[in-house]
Amino acid sequence: MVQPSEPEFEQAYNELLLTLDSSTLFEKKPKLKKALPVVSIPERVIQFRVVWQDDTGNLQVNRGYRVQFNSALGPYKGGLRFHPTVNLSILKFLGYEQIFKNALTGLAMGGGKGGADFDPKGKSDNEIRKFCEAFMRELSRHIGPDTDVPAGDIGVGGREIGYLFGAYRRYRNAFEGVLTGKGISWGGSLIRPEATGYGLIYYVEQMIEYVNPGDSMAGKTVAISGSGNVAQFAALKVMELGGKVVSLSDSKGTFVLATADSEGFTPEEISQIADIKLLHHDLSDAAFHRGKFKYIEGARPWTHVGAVDIALPCATQNEVSGDEAAALVAAGCKFVAEGSNMGSTMEAIDIFESARVNSPGGTWYAPGKAANCGGVAVSGLEMAQNSARVGWTREEVDAKLKHIMMTCFLNCVNTAIEYSSEKTDGLPSLVKGANIAGFVKVAEAMLDQGEFY
């Protein structure tokens, strides 16, 4: 299942394996153990070259990928990532997580992931369009509304989805729901851009309510990493609900409040960040009031934000280390929920889980496959609207998203309690609940369909 050169995938696989083995699942359902080696190998891996011409007329070549991991619950579903760090290990880890994340939404979607080692930063619109058309020339042979429905991810936003969809439509002579994250006038869904960030906060609201019935986001201090789509809309929803956002970051550094009593980020400042990110510029280019904020070059926010109630990693994988997790626990952070995929290292997860079990009122950690499933959930709702040739209102989609996140949370909690081997009356493990609930749904579908026996 795991190759020595695939550290990210190995980490994702080992996290799932550890969770399943430390529960009572295989005692209660021993036949499902046979599913693990089967589900951990992709059904199909497509790798191809992407040849395109830059604005100076020079030939460029990149590597393109699509990992079609599992289709037991529906068509392969997962994003496309354009970033120079993209490789097969990262895409296998993301596709593997996607299988179980999609299962937790309750919608009919399998798991997949794809992308290319192309860097959109510094490229003109013309170069990005040329690359997207070259990329889709090959990818269009392997996807379709009932086969594989990609979406955006890092480096693939609304502009890139537009170029990719237009190329697919021309190559295949078909206008169909083959990509999600589309423009509203040509098959997109309202709330889709906001969905991952909004869904993350809806999930955290459920965590808060479970711990302290009647409590809410109002008055909570929230540290957020990242400054892309997920971080922006998570921050805006926190503000709407009365919370205070104290940090945002990118790969070059982080902005934190200069003093603890400073006003948090405002919607106007988030709008400025959105404009900067749309141009693929660095966060440090933001013309913030430097008396209100301080910029820390080369740093992530976790050890610089001081006492916070909630931490939301929303940037990339492994962005919370063991030391940073310990700092958050020591600072009294009560809730950690991942807007990014596999945002915490195994060491960090161990520290959060230890704090949950050993400290009354300790830190409660929610993994990305549960907490950030709102994005793919609304992608599934976009697929449903495309299939029916209808469009739902913003209020309808938002209500469905909120219901999906509540159902996902309750599924994680109830599954954790059902299969827990812990001798504690403390908070249930959302890591175990998410991993087991997703795995059971996929494994039972695979068993019914003869994928293992």
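**Exercise 1. Find the bridge partner of Lys-77 in S5, then describe the strands around it.**

Solution. Step 1: Lys-77 has Val-149 as its bridge partner in S5. The model is predicted; local features need pLDDT of at least 70, side-chain atom pairs count only at pLDDT 80 or more, and totals for chains, interfaces and linings use all residues. Residues are numbered from 1 along each chain as its sequence is written, and side-chain values use heavy atoms, with hydrogens and water left out.

Step 1: strand S3 (residues 76–82) and S5 run parallel and are joined by four bridges. Two strands pair if DSSP finds at least two bridges between them. Strands (E, at least two residues) and helices (H or I, at least four) are DSSP runs, numbered from the N terminus.

Step 2: in strand S5 (residues 148–151), Val-149 and Ala-151 point one way, while Asp-148 and Pro-150 point the other way, and all are buried. Buried means under 20% relative accessible area, exposed over 50%, and partly exposed in between (1.4 Å probe, protein chains only).

**Exercise 2. Describe how S1 and S2 are joined.**

Solution. Step 1: strand S1 (residues 44–53) and strand S2 (residues 59–70) run antiparallel, with ten bridges between them. Step 2: Arg-49 has Arg-63 as its bridge partner in S2. Step 3: the two strands form a hairpin with five residues between them, and Gly-57 in the turn has a positive phi of about 90°.

**Exercise 3. Is Glu-269 buried or exposed, and what does it touch?**

Solution. Step 1: Glu-269 belongs to helix H9 (residues 267–278). Step 2: the relative accessibility of Glu-269 is 13%, so this residue counts as buried. Step 3: leaving aside neighbours within four places in sequence, Glu-269 is in contact (heavy atoms within 4.5 Å) with Gly-264, Phe-288, Lys-292 and Phe-293.

**Exercise 4. Locate Gly-157 and give its distance from Asn-126.**

Solution. Step 1: Gly-157 is in the loop between S5 and H6. Step 2: at a relative accessible area of 30%, Gly-157 is partly exposed. Step 3: Gly-157 and Asn-126 are 31 residues apart in sequence, and their C-alpha atoms are 15 Å apart in space.

**Exercise 5. Describe the protein as a whole.**

Solution. Step 1: the secondary structure comprises 15 helices and twelve strands. Step 2: the radius of gyration is 21 Å, close to the 22 Å that the globule rule gives for 453 residues, so the protein is as compact as a globular protein of that length. The radius is taken over C-alpha atoms, and the rule is 2.2 Å times the number of residues to the power 0.38. Step 3: the C-alpha trace spans about 60 × 60 × 45 Å along its principal axes. Step 4: of the 453 residues, 56% count as buried.
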